[in-house]
Amino acid sequence: MSIDILPWHRQVLTELLSRRDTLPHALLVYGKQGIGKLEFARALAQSLLCESPQRAIACGTCPACNWFRDGNHPDFRELLPESMSEDDVAVDADAPVDPEVKEKKKSKEIKIEQIREIAAFMTLSTHRAGFRVLLLHPAETLNPAAANALLKTLEEPPPHTVILLVSDRVGRLLATIRSRCQRLLVPSPDEATALQWLDSQGIAESATALAQAGGAPLDAMAFADADYQSDRSAFVRVLSDGNADYIAAAQAFEKSDLVNVLTWLQTWVSDLALSRFTGEIRHHRDQKAAISRIATRLDLPGLFRFESQLRQARRSINHPLNARLLLEQLLISYSQAIR
C-alpha cells in the first residue's frame, strides 16, 4: 500500500526525490495557505526514510513506513507550537480539579527549549543508517531565541540530515534562517484538479467551498462544513444590507471565531473591489447580486483604507481582544466605506 499524496504534489515530490542523494540539508517549504504544504513535507520525510521506495516514493509497507505512520520512527522528529499539539492527555470531566495543577496556557510559539531538546537527536548516529529528518511547522512561529538556536544546526548540519521548515509567511522568518535554506514553492492545484479531489472526498457544493477558500482545497474542506456555511451566510447578509444594525451584529457575532469573521470580511472586500473593476466575483459567488449592487456606489479609497484596517486586525488576532468592540469598529468602518 503506497502513501496518499495530494495529486497536485506528486510530480514535484517525485522530481525532488529523484535527486535524494544531492538534496540540500535544509528546505524551506512554502506556498499558498490551504494547499497541503505540511502534507507534502510529511510525504517527503516518509519517502526519505522509507527502506523500499517505489519510484522514489515511500512504499507505505516497510518497517520504516509503519514506524512513521505510527509516529515513532527513531530518525524523525516534528516540532510545532504546544498549542497545535495533539498529544493532550484526556481528562476525566467528573474528576475533582486540583488548583495546584491547573494547565498552563499553551504557547503559540516554537520555543528554545524545544530546539535544545532535540540536540541529542541531531548529533547521534541514525538508527537505521539512512536519513535523519527534522520537520518544523509553522516555521514563522519560531521565537527569536529558538530561531537563533536553530541557526547553528543550519550552519553545520550533521551528515545525512534534512531539515524541513514549512511556512505560510516566509517574510516573518529571520533573514538568517531564510538565507540558510533552499526554498521550495509547493504548487497550487488548478480548479479542475482541486474540484475532482474535493468530490473524491465526498465534499458537497465543492465549487462553492473552493471559491470561498480562494482555490485552496484543504481550506475548502473546512469551509464546506454546514455550521460554518450557516454562520458565513448570516454574517454576509449583514454585509449586504445597507441598513444593517452593525452594533447589534457585533453583539450577535462576538462569540464567533474571529479568524473566520476576518476572513469573511477580507474576502468580501476583495470581491467588492474585483466586481467594481471587472464585474467578476471570486469568493462569495452566492452573493453576486448584492456585491455588484454595493460595488457600483462604494468609495474605493475608503474601501482600500478599510482593507488596511482588516490586515492590521489580522496581525493582532492572537493578542487579547475585546471581540465585540473590534467588530463594532470594523463594521462601522465598513459602513463608511460602502456609503
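1. A crossing of two helices is called left-handed if the near helix is turned anticlockwise from the far one by less than a right angle, and right-handed if it is turned clockwise. By that convention, α2 passes α3 in a right-handed crossing. The model discussed here is a predicted one.

2. The helices of that crossing are α2, residues 37-49, and α3, residues 63-70. They pack at an angle of about 150°, and their axes are 9 Å apart. On the α2 side the contact is made by Arg42, Ala45, Gln46 and Leu49, and on the α3 side by Ala64, Cys65 and Phe68. By class, these residues divide into five nonpolar, one polar and one charged.

3. The loop between α2 and α3 contains Ala56. Most residues other than glycine have a negative phi, and most peptide bonds are trans. Ala56 is not a glycine, yet has a positive phi of about 80°.

4. Strands of a sheet pair through backbone hydrogen bonds, either parallel or antiparallel.

5. Leu79 stands opposite Leu136 in β3. Pro138 is placed in the loop between β3 and α6 (144-155).

6. Helix α11 (residues 226-240) packs with helix α12 (residues 246-253) at an angle of about 165°, the axes being 11 Å apart. Angles over 145 degrees count as roughly antiparallel, and α11 is therefore roughly antiparallel to α12. Their crossing is left-handed. Asp231, Ala234, Phe235 and Val238 of α11 make the contact with Tyr246, Ala249 and Phe253 of α12. The contact has six nonpolar residues, no polar residues and one charged residue.

7. What is the arrangement of α13 and α14 relative to each other? The axes of α13 (residues 258-278) and α14 (residues 288-295) come within 9 Å and cross at roughly 65°. The two helices are therefore roughly perpendicular to each other, since the range for that class is 65 to 115 degrees. The crossing of α13 and α14 is right-handed.

8. In the contact of α13 with α14, the residues from α13 are Trp268, Asp271, Leu272, Ser275 and Arg276, and those from α14 are Ile291, Ser292, Ile294 and Ala295. They divide into five nonpolar, two polar and two charged.

9. The structure holds eight aromatic pairs. One of them is formed by Trp8 and Trp197, edge-to-face, at 5.5 Å centre to centre and with 90° between the planes. Trp8 lies in the segment before α1 (10-17) and Trp197 in helix α8 (residues 191-200), so the pair ties together parts that are 189 residues apart in sequence.

Methods: Residues are numbered from 1 along each chain as its sequence is written. This is a predicted model: local features need pLDDT of at least 70, side-chain atom pairs count only at pLDDT 80 or more; totals for chains, interfaces and linings use all residues. Side-chain values use heavy atoms; hydrogens and water are left out. Axes are lines fitted to C-alpha atoms, for helices over the stretch in contact, and angles run from 0 to 180 degrees between N-to-C directions. Helices (H or I, at least four residues) and strands (E, at least two) are DSSP runs, numbered from the N terminus. Angles under 35 degrees count as roughly parallel, over 145 as roughly antiparallel, 65 to 115 as roughly perpendicular and the rest as oblique. Contact means heavy atoms within 4.5 Å. Ala, Val, Leu, Ile, Met, Phe, Trp, Tyr, Cys and Pro count as nonpolar, Asp, Glu, Lys and Arg as charged, and the others, Gly among them, as polar. Two strands pair if DSSP finds at least two bridges between them. Rings of Phe, Tyr and Trp (its six-membered ring) pair if their centres lie within 6.5 Å; planes under 30 degrees apart count as stacked, over 60 as edge-to-face and the rest as tilted.
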